Number of protein chains: 2
Amino acid sequence: MDVFEALLTRRSIRKFEDKPVSDEDLKDILEASMMAPSAGNAQPWQFVVVTDKDKLEGCAKINTYAQMAPKAPVSVLVCGDLSLEKYAGYWVQDCSAAIQNMLLAARGKGLGSVWTGIYPLEDRVEGFTKLFHLPEKVIPLGLIVMGYPAQSPSSKSRFKEERIHHNAW
Amino acid sequence: MDVFEALLTRRSIRKFEDKPVSDEDLKDILEASMMAPSAGNAQPWQFVVVTDKDKLEGCAKINTYAQMAPKAPVSVLVCGDLSLEKYAGYWVQDCSAAIQNMLLAARGKGLGSVWTGIYPLEDRVEGFTKLFHLPEKVIPLGLIVMGYPAQSPSSKSRFKEERIHHNAW
C-alpha cells in the first residue's frame, strides 16, 4: 500500500472479524513501530502483546473505551521505559511516534486498529500496571487493539487551512 | 512509496540540498499530519510553517539541536492548542502522532526531515513562544526541519525481540 494511502485512509477501527493476526504480520508491525524516532535515539519503549482473553477483559474493565479489546484477536500495550530515556521527559512523544507507526503498519497489512489512551490518567495507569505486573519504571501509555476490520468508516479529509500559520502566529 | 518502505527507511536527516519544497508537497504533508488520530478526535494541533531565515536563525539560537534549521528550506513548528482538547492531558500524544505522520509523508515525497524537541523543556517552550508570538493556550511541541536530503544514513533495523513481552511482564 502506498504510504499516502495508509496515512489518509487509516481510521480508528472498533469492530473486528473473528480471524487471527499472524505472528509474522505482528512481528512486522512491531518492527515498524520500533523504527520510530526518539530523543537521542533512546528507543525507550516496551511492548506487551496481549491475546489472553482474561487479560483483555481486564483491560476493558479498567478503561471503558477499550470495551472492544476482548472481541479483537490481539492488543498491544505500549509502555515507556524511563530507565531507557537519554533526555528525560520525551518518552511520551517517542512512544506516541512508535504507536503511530504501529497503526500505519497495521493499515498497510490490511488490519484495523484503535489507540485507546491510558497515560496520564492515574486510575488507568495504576490499573494497567497491576494487571500486567509492570515494573516501577515502566509506564503504560496506550493499548492498541488490532484485528481484521469489520467496519469501513469515513475517509473524509481532516485538512484545515486555518490551522496553518506562516512564519508567525 | 510503499508504506513499509517509508516506515523502515525514514531516518533523521540533518543535511539538506539547496532546493525548495513545493507548496503542493507541503500541503500534502500537512494534510497527512492532520489525519492523525487524537483523543476524542479533537485534532488539537496548530502548525507554523517557517521559511523566514531570521526566524530559523532564531530557532537555532533557542535550541542548539536545531542548528540545521536555517540551512533547510522549510521548518514546521507543531503546537498543541489546549483550547481544542476534549480530554485534557492527551495533546502531547495527539500532536506526536501528527508529527510522525508528517515525517513519513515527507519521506514519501522524497524529502528528509528531523524532529527537534521543544516541550517539555521550559526554556525552549518560552523561547519558541516568544519568537512566534504564540497565544497563551498554544504550546510549541517540536520543530520539524525539512528539505531534500543531502545525506543517506543507515537503514539498519531497530527491532529488539527483548522489548516484546507476552500477556504479562
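How many bridges pair strand S5 (residues 164–166) of chain A with S1(B), and in which sense, parallel or antiparallel?

Author: Strand S5 (residues 164–166) of chain A and S1(B) pair over three bridges, in the parallel sense. Strands here are DSSP runs (E, at least two residues) and helices are DSSP runs (H or I, at least four), numbered from the N terminus; two strands pair if DSSP finds at least two bridges between them. Within this pairing, A:Ile164 has B:Phe47 in S1(B) as its bridge partner.

This is a predicted model, in which local features need pLDDT of at least 70, side-chain atom pairs count only at pLDDT 80 or more, and totals for chains, interfaces and linings use all residues. Residues are numbered from 1 along each chain as its sequence is written, while chains are lettered from A and ligands numbered from 1 in the order in which they are written.

Strand S1 (residues 45–50) of chain A is joined by three bridges to strand S5 (residues 164–166) of chain B, and these two run parallel. There A:Val49 has B:His166 as its bridge partner. S1(A) also pairs with strand S2 (residues 74–81) of chain A, in the antiparallel sense and over six bridges, with A:Gln46 opposite A:Cys79. Five of the six residues of S1(A) are buried, so the strand is largely enclosed by the rest of the structure. Buried means that 20 or more other C-beta atoms, placed from the backbone, lie within 10 Å of the residue's own.

As for the two chains, 57 residues of chain B are in contact with 57 residues of chain A (contact: C-beta atoms, placed from the backbone, within 7 Å). H4(B) gives the most to the side of chain B that touches chain A, with 10 residues.

Technical notes:
Buried ≥ 20, exposed ≤ 12 C-beta atoms within 10 Å, placed from the backbone.
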